[in-house]
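Hello,

Here is the structure I promised to pass on to you. Please have a look at it first, and then read my notes below.

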Amino acid sequence: MAYRILSLDGGGAWALIQVKALMSLYGADAKGHTVLGEFDLIAANSGGSIVLGGLVENLTLNQLLEYFSDETKRRAIFSPSKSWGDWAIRKITGLGPKYSAANKLPALQRLLPQRGNLPLAIASAGIRRPGSGEDTRLLVVAFDYDLNRAKFFRSAASNNKWGKGVSTAATLAEVIHASTNAPVNYFDGPAMLQAVPRRYWDGGITGCNNPVLAAVIEALMLEKKPDEIVALSIGTGTVCLPPTASGRAPYVRKPKSSGLISDLTKLATSVLDDPPDAATFNAHVMTAGGAGVNPPAISRIVRMNPLISPVSSAGQWTAPTGMTAETFDQLVNLDMDAVAQKDVDAIIRFADLWLKGHVSNQPIRMDWDTLDCEIGYRSFSDAQAAWSAVR
């Protein structure tokens, strides 16, 4: 029996894309435990950990989508910082936090009334894949602010042959709080936990914004064979533009001048820039590549992630079907902390275009200059068929 992994990227409000993908796979009324029970291990980071929390809470996927589509619930997580100093720095430099870290944990606890205050292992107790001898394992990524190291919150201990990999005492809400605490341009301080008294930043700082590679390594430490491991890796949208020389704005990369402020801005927002395709390709290599998989699959790693990317038509780059140049430009420049309803509505429409096949799917590996797919699946439907073949 294949060892199944579900991996959920970070991406703030863009994580609604993951919920839409799961709705397409399992139905809008599927309950969280039904989805979790399809997998042996779930890995999540940042926005993906919020999706994981809703699944553990056993919400229907329709209810989980409201975490992102309902403005009141969304703004509870992205609660404005009250610091005048932060406001002044942002006004002068364009840099600095916008949201309160302290207000985020209570908001998460309210969103997860049944299981949010339970330790991770107890919150997920009894959720397991049919035929499995153990509960589905949860792995959530954060960055330990005090140790300057990655932190992996586990619901169950890893194989002690590889050193300490104990289950965490932190609650489900606390784990999500730690993983979602994007620094510098987003939240105004490290996440403070009670059960595990350290400070934390977003797991994207660790290079695990796409946690699929961390999940595959965890499975290998549990002594699963590489060709037994299959993974469904769901992203939150990736901007992919060809070089400036090959077309015109807004469909090409715009060169930006370097300097202190622009470089600090780039660094502050790089929490999302693994780039995600590196983790997916490395996981592909570590799980024996495409050897022995059943068509239409070409890998044991199935990547589902919509590209904010133009299409080539008559030698020119244009917007995908169903999208205007203005909408395309809006999506390219839309930050992960989309709070305004018009921005979230744009993400929802973008996700729907991807599910219908009008927006390209991110390959496992691609040529970032030509946008050609080298390994992977060009559309959501191709990826869905591949997952059906390997699962």
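Let me start with a pair of residues: I234 has M304 as its bridge partner in strand 9. Before going further, please note that this is a predicted model, in which local features need pLDDT of at least 70 and side-chain atom pairs count only at pLDDT 80 or more, while totals for chains, interfaces and linings use all residues. Residues are numbered from 1 along each chain as its sequence is written, and side-chain values use heavy atoms, with hydrogens and water left out.

Back to the strands. Strand 7 (residues 229–234) runs parallel to strand 9, and four bridges join them; two strands pair if DSSP finds at least two bridges between them. Strand 9 (residues 301–304) is covered on both faces, with I301 and R303 buried on one side and V302 and M304 on the other. Here buried means under 20% relative accessible area, exposed over 50%, and partly exposed in between (1.4 Å probe, protein chains only). Helices (H or I, at least four residues) and strands (E, at least two) are DSSP runs, numbered from the N terminus.

Q384, in helix 15 (residues 380–390), touches S24, L25 and M304, leaving aside residues up to four places away in sequence; contact means heavy atoms within 4.5 Å. The C-alpha atoms of Q384 and R303 are 9.4 Å apart, although 81 residues separate the two along the chain. Q384 itself is partly exposed, with a relative accessible area of 27%.

G27 follows helix 1 and has a positive phi, near 100°.

What surrounds strand 2? All five of its residues (41–45) are buried, so strand 2 is largely enclosed by the rest of the structure. L41, A43 and N45 point one way, and I42 and A44 the other. Strand 1 (residues 3–8) runs parallel to strand 2 and is joined to it by four bridges, with L8 opposite A44. Strand 3 (residues 137–144) also pairs with strand 2 in the parallel sense, over five bridges, and there V140 is the bridge partner of A44.

A few backbone spots deserve a look. Most residues other than glycine have a negative phi, and most peptide bonds are trans. The peptide bond from A249 to P250 is cis, with omega near 5°, and so is the one from P295 to P296, with omega near 10°. P250 lies in the loop between strand 8 and helix 11, and P296 in the loop between helix 12 and strand 9. E223 is not a glycine but has a positive phi of about 70°; its place is the loop between helix 10 and strand 7. L371, with phi near 65°, is in the loop between strand 13 and strand 14 and is buried at a relative accessible area of 14%.

As for the whole chain, there are 15 helices and 14 strands. Its radius of gyration is 20 Å, close to the 21 Å that the globule rule gives for 391 residues, so the chain is as compact as a globular protein of that length. That radius is taken over C-alpha atoms, and the rule is 2.2 Å times the number of residues to the power 0.38. Buried residues make up 53% of the chain.

Best wishes
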